[in-house]
Amino acid sequence: MEMIRVNLSSNSYNIYIDKGLLERLGDTLVKEKAPCKTLLITDKNIEKVYGSIVTETLKRNKFDVRLVALKPGEEQKTLETALTLYDACFDHKLDRNSLIVALGGGVVGDISGFVAATFMRGIPFIQIPTSLLAQVDSSIGGKVAVNHPRGKNMIGSFYQPKAVFIDTETLSTLPAPELVAGLVEVIKYGVIKDAELFEYIEKSFYDILQLNHHALLKIIATSCQIKAHVVEEDEKEKHLRAILNYGHTIGHAIETITNYKKYRHGEAVAIGMLYAAKIAIDMGLTDNTIFERQFSLIKRLGLPLHTGLKPEGIVKILYADKKVIAGRLRFILPTKIGEVIISDQVTEEILYRVLSKPL
Ligand code: ADP
Ligand code: ZN
């Protein structure tokens, strides 16, 4: 078992990563939290495969557990759903010392964390992320939220879990397109911070796709470590944390224009990373190999590379974004594999030049 410590003074916590961890969850959890009333929140897809395994291990360890399964999907991440979850908290008589367990992908993690952060001004919660995206990204860092009709993740907070439990075996039931989209964030960590991780993905490509345990352990643990370090340096997203947004500036614009329907998050980010690399090359910050190596990995993953979107549309969304500071866009640009800079030097002219050519 790998254990990664996220050091955030009084909000510090451990991330446990292992194969088959789910069946032994209760045994590891009692080291972190005494048995108590527990609300286990999941979605119906995940309930089918893992609901009873997790309930059993918690019960065996004397946790008084009740399970609530939401409909799957981002549309459920609303205040209305949160209200039904508060009802479940009241019905099961949760108090300040109780526990909320989030078992699922990013949607379940975000809304469960939001409910945990707000019920009685905050009760303990743990994350058991079951999608690769949630394992390497959304379950770490303490961002919890629900969507508002006027914007995604607009109602939320920073609220750290008491612990995160990652079972690599859960990926065996994750639909392949979800796995591949999650891998994009792992590639992102390689580009922003870790050339060795990037090379490892290139070399162990098939081991990863075949869900070889050692390969998964390596990429998940390394990604968690990188995200943990960045979050430790910058818990509330002031500056350094921005580097995690590599590929996300254009990625978000693509998601917004297509109403979050056409592309999975990772798919949009993959396109965003490739354009960010092209921008860096256009500005003379780096050479073509930085693009070629990312392009080759993303192509091997079979991700869509053609958006058919007009540069005007993307540029308009970029300038409407809340991250524009004094009329300037902020981009994370790679200078070599493993290193990025934060730049406000990307002009409209550069954007049009780069975005008007296919990848
Ligand atoms: P993400 O984790 O990508 O942010 P979701 O929480 O919506 O987003 O999860 C993506 C989809 O994958 C959902 O339909 C969810 O039910 C499903 N899912 C997540 N983890 C697993 C798993 N381990 N096995 C099967 N399906 C899963
Ligand atoms: Zn992302």
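Me: Before we start, what counts as a salt bridge here?
Reply: A side-chain nitrogen of Lys or Arg within 4 Å of a carboxyl oxygen of Asp or Glu. Keep in mind that this is a predicted model, where local features need pLDDT of at least 70 and side-chain atom pairs count only at pLDDT 80 or more, while totals for chains, interfaces and linings use all residues. Residues are numbered from 1 along each chain as its sequence is written, chains are lettered from A and ligands numbered from 1 in the order in which they are written, and side-chain values use heavy atoms, with hydrogens and water left out.

Me: OK, how many salt bridges does the structure hold?
Reply: 14. One of them pairs Asp64 with Lys37, with the closest N and O atoms 2.9 Å apart.

Me: Which parts does that pair tie together?
Reply: Asp64 is in strand β4 (residues 64-70) and Lys37 in strand β3 (residues 37-43), so the pair links parts 27 residues apart in sequence. Strands here are DSSP runs of E, at least two residues, and helices are runs of H or I, at least four, numbered from the N terminus.

Me: Switching topic: how is the chain divided?
Reply: Into domain 1 (2-169) and domain 2 (176-355), with bounds from an automatic or database domain assignment. Their C-alpha centres lie 27 Å apart.

Me: And how much area do the two bury between them?
Reply: About 2300 Å², 71% of it on carbon and sulfur atoms. Buried area is the accessible area (1.4 Å probe) that two parts lose on being put together, summed over both.

Me: Which residues of domain 1 lose the most?
Reply: Leu132, Val136 and Phe158, together 26% of what that side buries.

Me: What about salt bridges across the domains?
Reply: The count is 1. Lys227 forms a salt bridge with Asp137, the closest N and O atoms being 2.7 Å apart.

Me: Which elements of domain 1 give two or more residues to the side touching domain 2?
Reply: β1 (2-6), β2 (13-18), α5 (132-138) and β8 (151-158). The largest share, 5 residues, comes from α5.

Me: Last one, what surrounds ligand 1?
Reply: 15 residues, the closest being Asp43, Gly106, Thr130, Ser131 and Thr173; a residue is near if one of its heavy atoms lies within 4 Å.

Me: Which atoms does Ser131 use?
Reply: An N or O atom in the Ser131 side chain is 2.6 Å from an oxygen atom of ligand 1. With Gly106, a backbone N or O atom lies 2.7 Å from a ligand 1 oxygen atom. For Thr170, a backbone N or O atom lies 3.0 Å from a nitrogen atom of ligand 1.

Notes: A polar contact is a pair of N or O atoms within 3.5 Å; within protein, one must be able to donate a hydrogen and the other to accept it, and residues adjacent in sequence count only if both atoms are side-chain atoms.
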